[in-house]
Structure formats: structure tokens, C-alpha cells
Amino acid sequence: MEKIKMRPIRWIVGAIPGWVLIASTGLVACDNASSSGGGVATTPASATAPSSVAVTPPAPTVPAQPVTADDSVNEALRDYHRHHHGGLTTFLSMAVDTLGLDEAKRASVEKIQSDLRAKTAPARDAENDLLAAIADGVAAGKLDTAKINAAVEKHAAASTGIHEATADALTQLHDALTPAERAALVDKVKAHWEVWHKVNVDEKAGNKDDKGGHLAQLTKILSLTPDQVDKISAALGTDAPATPKTDPKAEDTHIQAFATAFLADRFDAKSLASSATSSAGHVARHGGGRLVRFYAAVTPVLTPQQRTTLAAEIRERANDDQIVQASAGK
Amino acid sequence: MKRTTATLSKGFVLVPAAGALAAALFVGAPAAAQWEPPPPEFIATTEPAYYEGHAAYWYNNHWYWRDDHGGWNHYDQEPRELADHRAHFPPARRSWQGRR
């Protein structure tokens, strides 16, 4: 009897945590709603301070334009970074192209950019020589290792003096931009570096299952058979380990140093001298070496027709600097 | 009567508990799935608009921007100025290869 009388009371006592849970969940939901409905939201992964952006009234309706994450422009950028290894100065020049400056400022910044490009011309020419040597080897059915290794080293050597040669242009660029534009430039440089790292370090060259990888790209261009893909994948095996002269970490340190210096009110190019020296030639050696290794593994597996097509593709990489306007709204 | 009271009491516990669990899942999980900041390929190839002291990118129907600490933010309600900007200057992207 006693037991039966107690049962409802025990369940009521058990209900209390449930109601407390509901109440707290409701509070969390209210809190989320207020932060997202107030005009601005922050990335969940970001452990940053709350933004100071003011709440803005609803905007007039503008037709939505879907912008997708993975498309031909992204793919073209990844392919660009597989074939070009100029490091920070290249990323800088590319970043300027998409800064979105107004007309008045664009002219003066483009002048600085031209100066920057002129100073890096020897390195670019050396890289084009490397691409031409690889293309010749592909067309001939065998890469001339000695000639190509010399071309990689020539490119790395040409990269060595770039920091000193471009210090004035970097200072001019810094002074021409507002703090917001500098931050955007740094963000873009880091984005290029991230893409370069993704396709030259993180991506496994012999991975035939990576749909966005270099081998998949080649399969599409040359209509490789499954047997050819298997042979190339086996020939590539595991990627070559980094050496003290090719380790991309040095370039990462240089880019971080650049970001810190460029975001400051006053740019001091000399503060980058140490990281510039430590990283000189690393990207050129790592990227160039990887490129040579890839095409050396691919070439023996191809038919003569495929080799001709691929050689032409590689030669065209020398024209990648000619920027093409992509369709707006993508 | 006692049995009815006991059943009702169980209901008071089970229904709220199930509701709380569902609410917790509903509130927590979709927050990350609803939006993701633009990938580096997008930042590298797209012109931003400058608004309130930072570069903003129109991506997947939202404007995204970084705060001073490097974290990504987005506006749930599109600011009027950015909407006007988008109406006059559709987001431009650039490609370093035009053939593919």
C-alpha cells in the first residue's frame, strides 16, 4: 500500500530535471535566435570576440545570385598553383588583381604591381624555361633529368634576390592601401598560399581516388584509361619527403611574417629579411621538383597522341599570367 | 485512478524529455550546417566590397567578412549598402586560365 501511494510522488520528483532541461534549452534557443536575427552571426568554430558591427535594417530585395564553392574558377586556380611556384611575390601580384579597388586607386596600384612584376621577371622566365623543358620531355617520351633539374635550380636561384628587389614596391603598395584593403590583401595572399599548399603538399600526387587531384585532372584532359591511371598511380607511389632546401614550412613562416608587417600602420620591409632568406627557393624547389616527378611518371604510360596533347597543355601554362575575367555572379 | 495518475506522471517526464532532446539536436546541429565561410579558392579569386572597415564577400547568398581576430562572420540580414553595391556591381571573379 505504502509503495503504491509513493509512486506518483516519485515520478513528479523525476519530472523536475526534465522541466529544468526544457527551460534551459529554451533559453539557449532564445539566445541563438537573438544573435542570428540581429543582422550578424559569427562562425561557430571561431573563438573570437563579439563583432562590433551595428545592426542594420533589412535591405531592399536584390535577386539572389548563387555563388558556388567548387567550380571551374576554383579548379583553374588549383591547376595554376600546381604549375607555378613563385611564392609570396606571385601571391601578392595575384592578390592585387582581385582587391576590388576603386578606379582612382586602381591606376596607382597597378603601376606598383607592374614594378613588382618587372622585378620578378627573371624568376618567371626561369619558371617558363622549366615548363618548356618538361613539355619537350613529355613530347619526346622521356624527360631529360639533368636539363630539367638544372632548370629547377635556376628558378630557385632566381627567386633568391626577390625580396630585396621588391622591398620598395612593397612599401609603396602598403602606403597606397587603406587598413581594410591591406587586410584584404593579406587574406588573399594567405588564401593563395593555402591553395598552393593544398595542391603541392597535402594532395597525394598518386591518389587516383581524389576527384579534384592532379591525376583526375589529367584523366579528364587526356581521356586516360583505367589501366593507364593505375600504372601512373603506382609509378608515383608516395610523395617525396621535404628536405631542408624544399621544406614549405619556411615559406609559411615568411608569409606569416609578411602578414604581420603588412597589417602594421608602418611597413618595415627589413623585418622580413630573415624569413625571406630562410625561405628563398623553397617553393620553387618543392613545387618544381613535384611537377617534374609527376610528369616523369606520367610520360612513359601515354600514347604518342596523348603526349602531344599534354606537351601543348604544359606549354600553355606559361601563358597563365594572362588574366581572364570569369563570368560575374559565379 | 492510481494507475491513471501514474501514467500521467510518466507522460509529464517522457514527453518533455523527448522534446528537450529533439530541441537540443535541432538547435545545436543545423547552426554549423546552415552556412560555411567561403573557401580559400573563392577568397583568392573574388573581388570584395568594402563595408564598415572590412572586405566583405558575397558567397552562397550571404555577405561574409573577417573580424579583427581572423574569425569569419556573416550578415543574416543583408545591409542596405551592400545590397545596393551588389545590384550595381555583381560580384566579379577572376580566373588565371580561361580555357577550362
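Which residues cover the two faces of strand 2 of chain B, and are they buried or exposed? His54(B), Ala56(B) and Trp58(B) on one side and Ala55(B), Tyr57(B) and Tyr59(B) on the other are all buried, where buried means under 20% relative accessible area, exposed over 50% and partly exposed in between, with a 1.4 Å probe and protein chains only. This is a predicted model, in which local features need pLDDT of at least 70, side-chain atom pairs count only at pLDDT 80 or more, and totals for chains, interfaces and linings use all residues. Residues are numbered from 1 along each chain as its sequence is written, chains are lettered from A and ligands numbered from 1 in the order in which they are written, and side-chain values use heavy atoms, with hydrogens and water left out.

**Strands of chain B**

- Strand 2 spans residues 54-59 of chain B, and six of its six residues are buried, so the strand is largely enclosed by the rest of the structure. Strands here are DSSP runs (E, at least two residues), helices are runs of H or I with at least four residues, and both are numbered from the N terminus.
- Strand 1 (residues 49-51) of chain B runs antiparallel to strand 2 of chain B, and three bridges join them; two strands pair if DSSP finds at least two bridges between them.
- Across that pairing, Tyr51(B) stands opposite His54(B).
- Strand 2 of chain B is also joined to strand 3 (residues 62-66) of chain B, by four bridges and again antiparallel.

**Turns of chain B**

- The hairpin of strands 1 and 2 of chain B has two residues between the strands, and Glu52(B) takes a positive phi near 50°.
- Strands 2 and 3 of chain B also form a hairpin with two residues between them.
- Asn60(B) sits in the loop between strand 2 and strand 3 of chain B; its phi is positive, near 50°, and at 37% relative accessibility Asn60(B) counts as partly exposed.
- Asn61(B) lies in the loop between strand 2 and strand 3 of chain B, with a positive phi near 65° and a relative accessible area of 34%, which is partly exposed.

**Chain A overall**

- Chain A has 14 helices and two strands, and 45% of its 330 residues count as buried.
- Chain A exposes about 16,200 Å², with carbon and sulfur atoms supplying 59% of it; the areas come from the Shrake-Rupley method with a 1.4 Å probe.
- Among contacts in chain A with a separation of 6 or more, 82% join residues 24 or more positions apart, a contact being heavy atoms within 4.5 Å.

**Helix packing in chain A**

- Helix 6 (residues 145-160) and helix 13 (residues 282-298) of chain A pack at an angle of about 160°, with their axes 9 Å apart. Axes are lines fitted to C-alpha atoms, for helices over the stretch in contact, and angles run from 0 to 180 degrees between N-to-C directions.
- Helix 6 and helix 13 of chain A are therefore roughly antiparallel, the word for angles over 145 degrees, while under 35 is roughly parallel, 65 to 115 roughly perpendicular and the rest oblique.
- Residues making this contact include Ile148(A) and Val152(A) of helix 6 of chain A and Gly288(A) and Gly289(A) of helix 13 of chain A.
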